[in-house]
Amino acid sequence: MRFASTMSEVTEVSSSKCFDGYQKVFRHSSSELKCDMKFSVYLPNGTQSGKTYPVLYWLSGLTCTEENFIIKSGFQQYASKHEIIVVGPDTSPRGCKIEGEDEDYDFGTGAGFYVDATEPKWKNNYRMYSYVTKELPAVIEKSFPTNGKVSIMGHSMGGHGALICAIKNPGMFLSVSAFAPISNPIDSPWGQKAFTGYLGSNQNLWKDYDATELAKEYAGPSLDILIDQGTEDQFLEKQLKPEHFTAACKGTKIKPDLKMRHGYDHSFYFISTYLREHFEYHAKKLC
């Protein structure tokens, strides 16, 4: 099966029936990332003829591809119930043959950090921010029966991505949520490594992709954000720091609802436990 695209032909890679809908994976040639990219799409109820649907983007974390969420989370039952198209991009360009891109789990392949790189070695390919906020939405809108209503959520590095995409684009997303987001990457070893590599040593550039720093300057419409965080998350203290984000939101129009979940860690067991609540939260805005 082939679908029309604004940038290139979108080719179906796989399709499986699931909760009366279809979980599919597609491939296309990305102009932003200058490589072939895969993304997942869940189509509820087989997309009935003539009907349009809202879209919810899922951004995954470090080391993930477009497959992790669709295999591990069980979200399809909620997407089917609320009749929401769910789109999941990969987490970085693939196979760009850049020296060093496959050396570390937290930088390069599988670790695009949803930024547009400015450093010469990375800037031609590592443009995940523009891919997620511009190119991929244009492809989805052109290729699938959408109705213009869009929301976003993510986990860990993808939670960071969901937060910055929403804050940097006021009004683009009707709702935003995150599981264990990297909330202040400037103050996180993961973020410091990625930002130094992709953006260089000028920390003023880093602030453009840090949710805590962006929140301080937010001037858009009122924005409610649902955040779930496990208290036994091994990355909570050094890497995630959601309390920095909630503190930065005070006095702004960003209203974070941070729920600390006792005993939960950073895994998909945690995500799957509270995913229904996130879909219900998004459905109130989308449906």
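Pro256 counts as partly exposed because its relative accessibility is 26%, where buried means under 20% relative accessible area, exposed over 50% and partly exposed in between, with a 1.4 Å probe and protein chains only. Pro256 is found in strand β10, which covers residues 254-261; helices (H or I, at least four residues) and strands (E, at least two) are DSSP runs, numbered from the N terminus. Leaving aside residues up to four places away in sequence, Pro256 touches Ile225, Phe245, Thr246 and Cys249, a contact being heavy atoms within 4.5 Å. Between the C-alpha atoms of Pro256 and Ser151, which are 105 residues apart along the chain, the separation is 16 Å.

The structure is a predicted model, in which local features need pLDDT of at least 70, side-chain atom pairs count only at pLDDT 80 or more, and totals for chains, interfaces and linings use all residues. Residues are numbered from 1 along each chain as its sequence is written, and side-chain values use heavy atoms, with hydrogens and water left out.

From this one residue we can turn to the whole chain. The protein chain has 10 helices and 10 strands, and its C-alpha trace spans about 50 × 40 × 35 Å along the principal axes. A compact globule of 287 residues would have a radius of gyration near 19 Å, and the 18 Å of the protein chain agrees with this; the radius is taken over C-alpha atoms, and the globule rule is 2.2 Å times the number of residues to the power 0.38. Of the 287 residues, 58% count as buried. Among the contacts with a separation of 6 or more, 71% are accounted for by residues 24 or more positions apart.

The protein chain has 31 positive and 34 negative side chains, and the centres of the two sets lie 5 Å apart; Lys and Arg count as positive and Asp and Glu as negative, while His and the chain ends are not counted, and the place of a charge is taken as NZ of Lys, CZ of Arg, CG of Asp or CD of Glu. Side chains of opposite charge can pair when their charged atoms come close. The structure holds 13 salt bridges, each a side-chain nitrogen of Lys or Arg within 4 Å of a carboxyl oxygen of Asp or Glu.

One of them joins the side chains of Lys51 and Glu83 at 2.6 Å, N to O. This pair links distant parts of the chain, 32 residues apart, with Lys51 in the loop between β4 (35-43) and β5 (53-59) and Glu83 in the loop between α2 (76-82) and β6 (85-89). Lys51 is partly exposed at 30% relative accessibility, and Glu83 is partly exposed at 22%.

Another salt bridge, at 3.3 Å from N to O, is formed by Asp104 and Lys193. Here Asp104 sits in the loop between β6 and α3 (128-143) and Lys193 in helix α5 (residues 189-199), 89 residues apart.

Asp187 and Lys241 also meet in a salt bridge, at 3.0 Å from N to O. Asp187 lies in the loop between β8 (176-179) and α5 and Lys241 in the loop between α8 (236-240) and α9 (242-248), so the pair ties together parts 54 residues apart in sequence. Asp187 counts as partly exposed at 32% relative accessibility, whereas Lys241, at 13%, counts as buried. Finally, Glu32, Asp116 and Arg127 are linked in a network of salt bridges.
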